[in-house]
Structure formats: structure tokens, C-alpha cells
Amino acid sequence: MAVIKRVLCPRRLRKVPSQFSWVDHRLVRDRHLCRCSHPALALYLFLVTVCDGQGLSYYSDASLMRLLKFDPPGLARARQELIDAKLIAYQRPLYQVLALEAAAPSPRQVQPPAGLSDPGVVNSPGAQPTPCTSPQTSRTSPRTSLPEPSEPTRLDQILRRLIDSAQNGGAS
């Protein structure tokens, strides 16, 4: 069955702001996201959001740890994971979000911490989280219900912190 796309909330239609950053669709299509843990993806989202047109940003470790609720080893692991995935380059104090390579190699399975699953998919108790699937499978597989809007996901919480930080001039 084909899905007919329609605007669900016209009053909240997104507009491109004057300070705009983008997220490349190939992160999903070429399965780059499947190669990274949730903490690494949180760091990547932050860097994509704050970088300039060349992909550069210079948030300090202290600011990143405070804003993303990382400890020093957690930040180091997330950063190294993104470097290994060839999504960022880092040379203290600069981060550079890199252009994506043509296609990601076969993804490494990353298991979420106990009790966490894909926030976009509701798993029944005891069910295993659904791993990333091939593009052919993901287009034809039926989706289960999404969480209620009143239940903020981890991504919602990270985005809220990013917005609050940006409004308060968060770079250091």
C-alpha cells in the first residue's frame, strides 16, 4: 500500500532558517547510521548542527560533555567511533564533519544498552530490537506504531538541549 504524504500540522511547517545546517540523506540510505552507537550518533548530530559551511566546529570537550551528558571516556569513545566510521576528522580543538563516502561497507551490529530500543519502533516486551535492514527490506517492511508524542525519545531530549544551548550561546 502506498503512503500518501501530506502536511500534518500546517502551522508548524518547517522553513529553512538563515543559519541552516543539513543532514545528508545518505546517512540512512547508505546505512552509515547502522555503524554507530547512540552516543556516537548524538555527538554527530550535535556536530552537524553547530558546524559551519565547511563542516568545522570547535566546541571544547568540557562543553560537549556538559551538553551531551558524556563523561571523558564516553566522549573519547564516541569521537573515536565517528573517526573510525570516517564521519568526522578531529585535531584538537577542531572537529570537521566529513563528506560522506559513496557507500558504507557492511554495517557492524551495534546493540543498544539494556532496556533501550529504536525510539521509532515499539518492541513488545522481551523482543529483540530490529537491526538495520537492507534498503530493499526496509522499504517494504511494515512499520510498527510510533511512540506517543508525550513520550520524549532520547533524540528529542538531545535536540532540546541543543536548541537551549544555541539560544544561550553554548560554544566555548
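Predicted model: local features only at pLDDT ≥ 70, side-chain atom pairs only at ≥ 80, totals over all residues.
Select strands S1 (56–57), S2 (88–91) and S3 (94–97). The 3 strands form an open sheet in the order S1-S3-S2, with antiparallel pairing. S1 and S2 stand at the edges with a single partner strand each, so one side of each has no neighbour in the sheet.

Pick Tyr90 and find Tyr95, its bridge partner in S3. Then pick Ala89, which stands opposite Gln96 in S3.

**From S1 to S3.** On the other pairing, 2 bridges join S1 to S3. Here Ser57 stands opposite Tyr95.

**Side chains of S3.** Now show the side chains along S3. Which of them are buried?

Select H2 (38–50). H2 packs on the sheet and touches S1, S2 and S3, its direction making about 90° with that of S3. A check of its length: 13 residues at 1.5 Å a residue should span 18 Å, and the end C-alpha atoms of H2 are 18 Å apart, which agrees. Next select H4 (72–84). H4 lies across S2 and S3 and runs at about 125° to S2.

**The core.** Keep H2 selected and show its side chains. Its buried residues include Ala40, Ala42, Leu45 and Val48. The largest nonpolar core in the model has 23 residues, and its largest share, 6 residues, comes from H2. H2, H3 (61–68), H4 and S3 each supply at least two. Among the residues with the most contacts inside this core are Leu43, Phe46, Leu64 and Leu82.

**Tyr44.** Centre the view on Tyr44, another of those with the most contacts in the core. What does Tyr44 touch beyond four places away in sequence? The residues are Leu27, Leu82, Leu87, Ile88, Val97 and Leu100.

**The cysteines.** Finish with Cys9 and Cys51. Cys9 is partly exposed, with a relative accessible area of 33%. Cys51 has 17% relative accessibility and therefore counts as buried, the cut-off being under 20%. The structure holds 0 disulfides.

Definitions and conventions. Residues numbered from 1 in each chain as written. Heavy atoms only, no water. Core = buried A, V, L, I, M, F, W, Y, C linked by side-chain atoms within 4.5 Å. Buried < 20%, exposed > 50% of the residue type's maximum accessible area, 1.4 Å probe, protein only. Helix = DSSP H or I, 4+ residues; strand = E, 2+ residues; numbered from the N terminus. Contact = heavy atoms within 4.5 Å. Expected span 1.5 Å × (residues − 1). Disulfide = S-S within 2.5 Å. Pairing = 2+ DSSP bridges. Axes fitted to C-alpha atoms, helices over the stretch in contact; angles between N-to-C directions.
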